[in-house]
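Dear colleague,

Please find below the structure I am handing over to you, together with its sequence.

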Amino acid sequence: MKLNLNRPLAFFDLETTGVNVGADRIVEIAILKAMPDGTEQIKTMRINPEMPIPLASSLIHGIYDKDIANEPTFKEVAAELAEFIGDADLAGYNSNRFDIPVLLEEFLRAGVDFDMSDRKFVDVQNVFHQMEQRTLRAAYKFYCDKDIVNAHSAEADITATYHVLLAQIERYKDTEFEDKQGNISKPVKNDVDALHTFTNMNKPVDFAGRMVFNEQGQETFNFGKHKGKTVEQVFDTEPSYYAWMRQGDFPLYTKKKLEEIWSRWNKKKDQLKQEKQQQTVANKPKPVANAATSNVVKPAAPQEKKTKPAVDVTNDMLEQLKMKFGK
């Protein structure tokens, strides 16, 4: 069966130094890019995490410090990886809770603005957990009747994840599902939009789950003393909470989304302040003219007397004066 795609869907899996989204680093990444025409592209890279790999992690994925000593850092390959993924939607196994947040942290550290605003996210684990609740190994055995060879190798895991999703779509295409509100639907379809909706039921804002969207589509805190309150509501009553989170040990992408909400909240506050000032000016009483003096006619300003210009005295004028005064 071929996935029904309008644009590429990039399945990816990470092997890391640990499970702390904000602190741990990638040591291997594998990407399987499913194209709308049915073809596939695969890119696998080992990454120097620039920190020691704990033995407990190495025992799981089989990658030790010596294996990545001469590999490039994520910063050196970040642009190449972003270009390979392009505008593809993202898919993985437990990718919404772990792989996507870790990848975003790495891109932010590398200074690469990996735009997430128009992408769909398909978490194959969420389909599986809601329909059967098993691990990846069990999922591969259950849906594909196969065992994973080289489990915990990034490429083996992501190839298994890809084939599990294909089998899930085939198996559940006519299966009804009842959500917590009692709504019944057939959510597992060969459609990325439908899979995005079904595998993102918690509606995370930042993927790490520190903030989620409520039923009204408002960003809401999902932890701590303000759990259940909208982020803007907390800013209204305790704006210092923003500074505490900015300085705290939170993932960089969580802080980025928090800054976006903070900026939007400040713009709203400034706009309301301006509107209030304009309303105050509009409601200010205008001065009323005094009825006792409003009809009084002001006297005209005195006019200056006009004087004739001086004329030179002539003999004729002298003769006339003699005759008038008898001299």
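Please note at the outset that this is a predicted model.

Strand β4, residues 89–92, runs parallel to β5, and three bridges join the two. Within this pair, Gly92 stands opposite Asp123 of β5. Helix α5, which spans residues 124–131, packs on the sheet and touches β1 (9–16), β4 and β5. The direction of α5 makes about 45° with that of β5. Helix α7 (residues 154–172) also packs on the sheet, where it touches β1, β2 (26–34), β3, β4 and β5. Its direction makes about 145° with that of β1.

The sheet itself is open and consists of five strands in the order β3-β2-β1-β4-β5, with mixed pairing. Its edges are formed by β3 (40–46) and β5 (121–123), each of which pairs on one side only. On average, and with direction ignored, neighbouring strands of this sheet are turned by 20° against each other.

Which residues does Tyr143 contact, leaving aside its neighbours within four places in sequence? They are Phe128, Glu132, Val164, Ala167, Gln168, Arg171 and Tyr172.

Some totals for the chain complete the picture. The chain has 13 helices and nine strands. Of its 327 residues, 41% count as buried. The chain exposes about 20,200 Å², of which carbon and sulfur atoms supply 50%. Among contacts between residues at least 6 apart in sequence, 60% join residues that are at least 24 apart.

With kind regards

Terms used. Residues numbered from 1 in each chain as written. Predicted model: local features only at pLDDT ≥ 70, side-chain atom pairs only at ≥ 80, totals over all residues. Heavy atoms only, no water. Pairing = 2+ DSSP bridges. Helix = DSSP H or I, 4+ residues; strand = E, 2+ residues; numbered from the N terminus. Axes fitted to C-alpha atoms, helices over the stretch in contact; angles between N-to-C directions. Contact = heavy atoms within 4.5 Å. Buried < 20%, exposed > 50% of the residue type's maximum accessible area, 1.4 Å probe, protein only. Areas by Shrake-Rupley, 256 points an atom, 1.4 Å probe, with all protein chains shown as cover.
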